Amino acid sequence: MKKIFLILAAAVVLSSIAFGEEIMYVTSPDGLRVRSEPSLSAKTINALYYGEYVLVDKIGELATIDGITAN
C-alpha cells in the first residue's frame, strides 16, 4: 500500500513540474472552502481539509479578509 501511495505522489509531483503547476498544502486547521467564484459571497462548492495538497494553476490578486492580506 505504501508503494502505491509513493508512486501516486511521485506522479503528481512530476506532472505538476511538467505542466508548470505548484503544489501547496492546506495549513488551516479548519480547512478551506472552495467557491464558485473568487468572492466571499459566492456559493461554496467543495471543501479542502487540513493537510490536503492542491495544484496551483494561477495565483490571484491581493485581497484582505479578516485583517489578513494574501493572494
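How many helices and strands are there in the chain? The chain has one helix and six strands, where helices (H or I, at least four residues) and strands (E, at least two) are DSSP runs numbered from the N terminus. Along the sequence, these elements follow the pattern α-β-β-β-β-β-β. The model is predicted, so that local features need pLDDT of at least 70 and side-chain atom pairs count only at pLDDT 80 or more, while totals for chains, interfaces and linings use all residues. Residues are numbered from 1 along each chain as its sequence is written, and side-chain values use heavy atoms, with hydrogens and water left out.

Of the 71 residues in the chain, 8% are buried; buried means under 20% relative accessible area, exposed over 50%, and partly exposed in between (1.4 Å probe, protein chains only).

The volume of the largest pocket is about 1500 Å³. The lining of this pocket comprises 32 residues, of which L32, R33, I65, A70 and N71 are the closest to its centre. Pockets were located on a 1 Å grid over the protein atoms alone: a pocket is an open set of points where a 1.4 Å probe fits, with protein on both sides within 12 Å along at least five of seven lines, and lining residues have an atom within 4 Å of a point. Grid points are joined across faces, edges and corners, and the volume is the space filled by probe spheres set on the points. At least two lining residues come from each of β1 (22-25), β2 (32-35), β3 (44-48), β4 (53-56), β5 (63-65) and β6 (68-70). The greatest contribution is that of β2, with four residues. The lining contains 17 nonpolar, eight polar and seven charged residues. In this classification Ala, Val, Leu, Ile, Met, Phe, Trp, Tyr, Cys and Pro count as nonpolar, Asp, Glu, Lys and Arg as charged, and the others, Gly among them, as polar.

R33 belongs to strand β2 and is exposed, at 62% relative accessibility. A distance of 4.5 Å separates the C-alpha atoms of R33 and A47, which are 14 residues apart along the chain.

A nonpolar patch on the surface is formed by Y25, Y53 and L55, with about 330 Å² of accessible area together. Patches consist of residues with over 30% relative accessible area and no salt bridge, with nonpolar side chains (Val, Leu, Ile, Met, Phe, Trp, Tyr) joined within 5 Å and like charges within 9 Å. A salt bridge is a side-chain nitrogen of Lys or Arg within 4 Å of a carboxyl oxygen of Asp or Glu. Accessible areas come from the Shrake-Rupley method with a 1.4 Å probe, and for residues only the protein chains shown count as cover. Y25 is in strand β1 and is exposed, with a relative accessible area of 54%.

E21, in the loop between α1 (2-18) and β1, is partly exposed at 26% relative accessible area. E21 and L55 are 34 residues apart in sequence, with a C-alpha to C-alpha distance of 5.9 Å. D57 lies in the loop between β4 and β5 and is exposed, with a relative accessible area of 64%. From D57 to E22 the C-alpha to C-alpha distance is 7.0 Å, at 35 residues apart in sequence.

D66 occupies the loop between β5 and β6 and is exposed, at 76% relative accessibility. Most residues other than glycine have a negative phi. Phi of D66, however, is positive, near 50 degrees.
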